[in-house]
Amino acid sequence: MLFEQSFRDNVYLIRKNKIDCLKKAILVTYPDKFVIQEALGLAEAGGYEVAKLITQRYLSKAKYGMGSGKAEELKSTLKDLNADAILFDEKLRSVQIYNLAKLTGVEVINRERLILEIFNKRASSAEAKLQVQLAELRYEIPRAREKVRLAKMGEQPGFFGLGRYDVDDYYRMIKKRIAIITKKLKRVSKRRELYRFQRLRTNLPLISFAGYTGAGKTSLFNILVNERKDTDKGLFTTLTTTTRSLQLSGSRVLVSDTVGFISRLPPYMIEAFKATLEELTHANLVLLVIDASEPLENMIRKYQSCVSVLAELGVSPLNVLPIFNKFDLTNMDETEDKIKALGMVPQDVVITSAKTGFGIDALKSKISEMVYARVPTSLTSA
Ligand SMILES: Nc1nc2c(ncn2[C@@H]2O[C@H](COP(=O)(O)OP(=O)(O)OP(=O)(O)O)[C@@H](O)[C@H]2O)c(=O)[nH]1
Ligand SMILES: [Mg+2]
């Protein structure tokens with residue numbers, strides 16, 4: 001009981017620190033424009049002000065992730081800039097985090113931890129909160145033993161009071177909490193299943209939005225179903241699935257908005273959000289939203305991340321309709337070139353602008369055409 005309370009206190013402290021003030025951080029990432037852009041977006045969404053950017057070709061070196069010389073340099077830069085955190089845009093083992101925190105005296109937040117912090121800030125529904133807690137615990141489990149052992153060698157930022165624990169007790173407590181949360185989430189999943197069953201009985205096909213964070217899923221969802229869900233240029237605005245019904249010419253469908261994807265998303269995070277993402281597995285049609293205004297290189301990388309997450313969720317490519325959104329920021333020639341570069345043909349995609357309303361009618365017709373060409377006739381005669 002004591003352990004659990006203390007664990008909760010630690011998590012609370014970590015959260016409180018992150019929410020209340022904009023922390024000044026140094027961002028360490030790879031020398032690649034796309035990766036830098038995404039890392040800056042994550043830093044901003046996490047509530048950090050990036051005081052300096054350091055790029056390194058290799059971030060998996062044994063002791064500090066980065067080379068020892070560079071780590072020393074980082075230490076003095078942190079002092080000069082009076083920065084209070086290092087954002088390390090790669091996975092790090094506890095021992096690497098510990099070494100870097102010990103050398104520099106500040107907290108080290110790796111990419112996974114940063115994504116978890118963002119999720120934490122954004123989670124508003126009970127389900128999203130549970131999913132985030134589960135992702136946090138799954139992040140913690142392979143590190144638990146090593147972290148406690150390291151903390152016993154001397155407390156460093158980010159290892160808050162863990163030294164008091166017995167290694168096995170801490171590990172067991174995390175396991176226990178995972179079991180409790182998984183059970184609660186199963187209940188939520190069951191409820192969704194029941195809902196799905198009811199939907200089948202009402203014969204309504206399900207259309208689900210998917211795509212990289214920030215592509216415009218919620219903006220399009222809002223237009224289609226007349227909603228006012230939050231949209232924002234920051235990453236991961238949406239964490240909970242919302243479903244509404246939509247009247248198409250002569251027929252009704254259900255439309256869901258879901259959580260966005262990002263590159264290098266660890267599998268355990270997808271696993272934790274499975275209850276939310278399951279909507280995609282069961283959808284009759286997945287609307288894969290792509291930001292048409294982006295440079296081709298970024299678009300390809302984001303598209304590939306989406307395709308691999310969809311594949312992991314077991315979504316058939318035949319059930320995916322690509323949507324090139326933000327057309328108001330580009331033009332037809334460029335968009336068609338990009339469509340071809342992604343290996344698609346213009347007839348098989350829809351071009352939209354959630355801002356101007358361009359292509360929304362075409363989107364509705366395409367949805368009707370695709371859904372009703374596929375759904376067994378027993379479902380179409382509602
Ligand atoms: N110019 C322009 N901006 C758009 C368009 N669609 C969305 N946006 C903007 O893009 C940003 C992201 O839009 P959202 O709808 O929140 O994106 P999302 O895909 O739901 O993002 P997550 O919930 O984070 O996964 C917001 O600032 C929107 O106003 C569009 O067609 N044109
Ligand atoms: Mg959204």
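A: **Aromatic pairs and the ligand site**

Phenylalanine 209 and phenylalanine 221 are both buried. This is a predicted model, and the description below should be read with that in mind.

The two residues form an aromatic pair, with 6.5 Å from centre to centre and 80° between the planes, which is edge-to-face. Phenylalanine 209 belongs to strand S5 (residues 206–211), while phenylalanine 221 belongs to helix H8; the pair links distant parts of the chain, twelve residues apart.

The structure holds three aromatic pairs. Another of them joins phenylalanine 119 and phenylalanine 236: the ring centres are 4.8 Å apart and the planes stand at 85°, so this pair is edge-to-face. An angle over 60 degrees is what that term requires. Phenylalanine 119 is in helix H5 (residues 111–122), and phenylalanine 236 is in the loop between helix H8 (217–225) and strand S6 (242–248), so the pair ties together parts that are 117 residues apart in sequence. Buried means under 20% relative accessible area. Phenylalanine 119 has 3% and is buried; phenylalanine 236, at 1%, also counts as buried.

Phenylalanine 236 leads on to ligand 1. One of its backbone N or O atoms lies 3.1 Å from an oxygen atom of ligand 1. Alanine 215 also has a backbone N or O atom facing the ligand record in this way, 3.3 Å from an oxygen atom of ligand 1. For threonine 218 the contact comes from the side chain, where an N or O atom is 2.8 Å from an oxygen atom of ligand 1. Taken alone, ligand 1 exposes 650 Å², and the protein buries 87% of that. In total, 23 residues surround ligand 1, and the closest are Thr213, Lys217, Ser219, Thr238 and Asp328.

Threonine 218 and threonine 238 bring in the other ligand. The magnesium ion (ligand 2) is coordinated by Thr218 and Thr238, through the OG1 atom of each, at 2.0 Å. Threonine 218 is in helix H8 and threonine 238 in the loop between H8 and S6, so to speak a link between distant parts of the chain, 20 residues apart. Both threonine 218 and threonine 238 are buried.

Technical notes:
Residues numbered from 1 in each chain as written. Chains lettered and ligands numbered in written order. Predicted model: local features only at pLDDT ≥ 70, side-chain atom pairs only at ≥ 80, totals over all residues. Heavy atoms only, no water. Phe/Tyr/Trp six-rings, centres within 6.5 Å; stacked < 30°, edge-to-face > 60°. Helix = DSSP H or I, 4+ residues; strand = E, 2+ residues; numbered from the N terminus. Buried < 20%, exposed > 50% of the residue type's maximum accessible area, 1.4 Å probe, protein only. Donors = N, O, S within 2.8 Å, 3.2 Å for Na, K, Ca; no water. Near = heavy atom within 4 Å. Polar contact = N/O pair within 3.5 Å; in protein donor to acceptor, adjacent residues only side chain to side chain. Areas by Shrake-Rupley, 256 points an atom, 1.4 Å probe, with all protein chains shown as cover.
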